[in-house]
Amino acid sequence: MTSRRQFIRISAIGAGVLATGAGSFQLLNAMASDEGLKKLKVDLKRTPTYCEVCFWKCAGWVYKNSEGKIWKIIGNDEDQNCNGRFCPRGTGGVGMYYDENRLKTPLIRVEERGKQVFREASWDEALGLIADKMKGIASKYGPESMALFTHGSGTAYYSTLFKAFGSATIAEPSYAQCRGPRDEAFTATFGEEVYSPEITDIRDTKCLVLIGSHIGENMHNGQVQEMSDAIDKGATIITVDPRYSTAAGKSKYWLPIKPATDMALLLSWIHEIIYSEYYDKKYVEKYCNGFAQLKEYVKPFTTDWAYGITTIKPDLIKKTAKEMADASPAVIVHPGRHVTWYGDDTQRLRAVAILNALLGSWGRRGGFYRPARFELASFKLPDFKEPSKTWQDAFPGKYPIASLPVSNALIDASIPENNPGFPVKGWMVSGTNLISTIPNTANTLKAIQNLDLLVAIDTMPMEITGWADVVLPECTYLERYDAIRTGPHRKPAIALRMPATETLYNTKSGYWIARELSKKLGLESYFPFEKQEELLDWQLKQSGTSLEEMQRLGVKVFERDADDLYFAEDENVEFSTDSGKIELYSTYLEGAGFDPLPKYTPHPEPSEGFYRLIYGRAPMHTFSRTANNPNLTDLMDENSVWINPKVAKEWGIKTDQYIWLKNQDNIVSSFPVKVRVTERIRWDSVYIVHGFGHAQKQMQRCFGRGVSDTQMITNVLVDPLMGGTGMRSNFVTFVTEKAGEEVAS
Amino acid sequence: MRYAMAVDTRKCVGCSDCVVACQTENNVPIGYCRDWVVEVIDGTYPQLEIEIRSERCNHCVNAPCVRCCPTGASHFAEGGIVLVAQNKCIGCGACIASCPYDARYPHPSGYVDKCTFCVHRIKNGMLPACVDVCPTKCLYFGDLDDPNSDVSVVLKKRKSKTLIPEAGTQPQLYFLI
């Protein structure tokens, strides 16, 4: 390969010409010659699935070649989440199956925690050990002292098991480390959250406003597709980001905001929209509460005021406010997804919700639609015991508006010095690598050392598995049934996942693991079906279809009960808020002791020689979980630190040079990271893609590649409303040499 | 018949789905690729422009790779698609050196490989895998001799450019700008 070919692969970053052999397929089709084409007619079997590489859960088909190996995975045309088009991660999902570094058999720790010395065990022994320890914790501390941390499809089964066990201590990091503030803010305002997939009607919008949301780099498939459709139709995109994101590059207006000042911009937009009388008067009058208070409150927040804080010129703030108004109600001020940034995130998202309300976009075409979900029959299980303690009893009075358990609070409750209301003594961690997910790794490790039991369930030897007492290897989504996917979306729909191929190694499905463990805990009555497909068939038959039909279709879309995707003209809408109206002024937050209207608070700024650490996504990876996937690693196998050319010149740092990052608390990154000098980032910030810098040697492709943002995030600003972990107040500087370590330059 | 592809640089987000879809569809070994993504940045912060392009073989009308191939392995197939007959290719690499777009790579099995416009699919009435998968629908494919084909329609409607036109290869990969 020539150097030019390597140059042009910067976007499809690769390590160069390495035929790793791992996962490489035998040539099936010699299609370059006409003779080869004739050989192509092979008998191809396809199996329905929905993807598990990210939370979007696109439905598709798995194709196998004539040798029975997985050939490709493509989207199901009927599926609303993907419209027949998978994203790179879904297309590369095959690598999750063929990754030779997968967990292969149950493991039991034999030396002290974290030393990673394990012995192989049978499922019977491993599950028996877990059950004994769980019973011990329950009798000594109460069943609530057993906590479940979970993400993905396994959640359904492990949650059932925990509830049957008597513990409601069940947390998903997708809440307090990601979208919690947005869901609470929208619930406080509209009485309803924005769900997943989000109910943003981007397809028909005339104006899409993205605040730090990097659609296109976050590959939330349907959203990316709809943004592209909107571009085709001439929609205006306004992007607010200190980084020239891909979306910024598609935008009519890019507002290169000073980081951490979004609230000031939002308040000045609200000011501008109210005082220029741009707001939807009829909508506000009919549906909203607290307009007068809001109007009075935002009076001082002029565009001139915001200019001094945000560095965005008043003229640009005014112009963009006018653009939104012109598009109203077909305008979306996007709620974002990963929004735990500065610790006042719920309030920032409240400002976003208020803007949408003023523009009349909620419930309107091109704004936010009303979702529909298929109501699948659920099999009647024995009642769950009422848990004697809920997670909130660990820290009474804290995070009063959190509607879901806060994972970081449960970690804090595992550390005795924090004097929790009850101690968390056991963790079951499924499909989430807490070491990379939860900021302040040192705190997480301290918590782990206080546990009586740590069980890690995963497909890969992630960092968390190294700290576990028992490691349970789950099979991938390509090898199993899972619960029927039920939406929400514009139309109610169901999707089936079934095994596309044989199960590799001594791995098991989430359903099987939960059921077998339930037997050892005497809770098998909560898992009455021996095989999950029997339950699925029962459920599907109750709903007028069957497993057999779904195996053929993969996806089934139903019509809505009523033509109510949007509010009808003058429809009387009852919102699920205290007042039954959209609450511009939140009586709910006021009652909980918080600001009823969002307030701008200045956030810490970097000191000289330090830069704000901004992190984000790459379209070919999901969190840290895909970092070792051979197909996706081939597209991007390390992250790089983006540095503005002016800053790089000052430091004498060049593109492709490897450096270490050091944060404000003197934490130096374990691994060096490649520099990318680029105009795409502000001079007061640096940017890295999340999910790299793995320290787990068993993951041979990603070990030591790039830097972990989580390791650099030690200053965590917790949202007092709902416990979200604000992670964008960390500052890093550069270390160009580290004693005893050499890197390629 | 004249097959061509157009890439909408305004819609492409550079996700590289085209790359991985091609790799799986065509069994391209890991570490190699027939298509790739290029990002070009212009300007100084905050006055910036970005162009993102999904690139591949340009299936040139005047293809230097076909002209320089000593064995006739590189050839034109129906619709002007440039193909390599693997059984005739000796892996000498002359075509790799001659291609101004760097579209070819030496396959570990000993022959030279590149984009085929998924000729095996288009013969069966399907679109190339990259076009079929693209989440942003930024890729358009079809027959330029057919005024109603996707690619003809979009090229008529939008401004476009080709890469390195001065090389005189008459490339058939167009970029909508």
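Me: Axes are lines fitted to C-alpha atoms (for helices, over the stretch in contact), and angles run from 0 to 180 degrees between N-to-C directions. At what angle do the axes of helix α5 and helix α20 of chain A cross?

Reply: This is a predicted model, where local features need pLDDT of at least 70, side-chain atom pairs count only at pLDDT 80 or more, and totals for chains, interfaces and linings use all residues. Residues are numbered from 1 along each chain as its sequence is written, while chains are lettered from A and ligands numbered from 1 in the order in which they are written. Helices (H or I, at least four residues) and strands (E, at least two) are DSSP runs, numbered from the N terminus. The axes of α5(A), residues 123–141, and α20(A), residues 510–520, come within 9 Å, and they cross at roughly 60°.

Me: OK, what do you call that arrangement of α5(A) and α20(A)?

Reply: Under 35 degrees counts as roughly parallel, over 145 as roughly antiparallel, 65 to 115 as roughly perpendicular, and the rest as oblique. The crossing is at roughly 60°, and α5(A) and α20(A) are therefore oblique.

Me: Which residues in α20(A) does α5(A) meet?

Reply: Contact here asks for C-beta atoms, placed from the backbone, within 7 Å. From α5(A) come A:Trp123, A:Leu127, A:Gly128, A:Ile130 and A:Ala131. In α20(A) they meet A:Glu516, A:Leu517 and A:Lys520.

Me: Which residue does a cis peptide bond join to A:Ser328?

Reply: Most peptide bonds are trans. Here omega is about 5°. The spot to check is the loop between α14 (314–327) and β12 of chain A, and the residue joined to A:Ser328 is A:Pro329.

Me: For chain B, what is omega for the peptide bond from B:Tyr45 to B:Pro46?

Reply: B:Pro46 lies in the loop between β2 (36–44) and β3 (47–55) of chain B. The bond is cis, with omega near 0°.

Me: Is B:Ser16 buried or exposed?

Reply: B:Ser16 has a positive phi, near 75°, and is not a glycine; look in the loop between β1 (3–8) and α1 (17–25) of chain B. Buried takes 20 or more other C-beta atoms within 10 Å of a residue's own, exposed 12 or fewer, and partly exposed falls in between, with C-beta atoms placed from the backbone. B:Ser16 has 30 such atoms, so B:Ser16 is buried.

Me: What is the radius of gyration of chain B?

Reply: Chain B comes to 6 helices and 10 strands. The radius is taken over C-alpha atoms, and the globule rule is 2.2 Å times the number of residues to the power 0.38. That rule gives 16 Å for 177 residues, and chain B is close to it, so it is as compact as a globular protein of that length: its radius of gyration is 16 Å.

Key: Contact = placed C-beta atoms within 7 Å.
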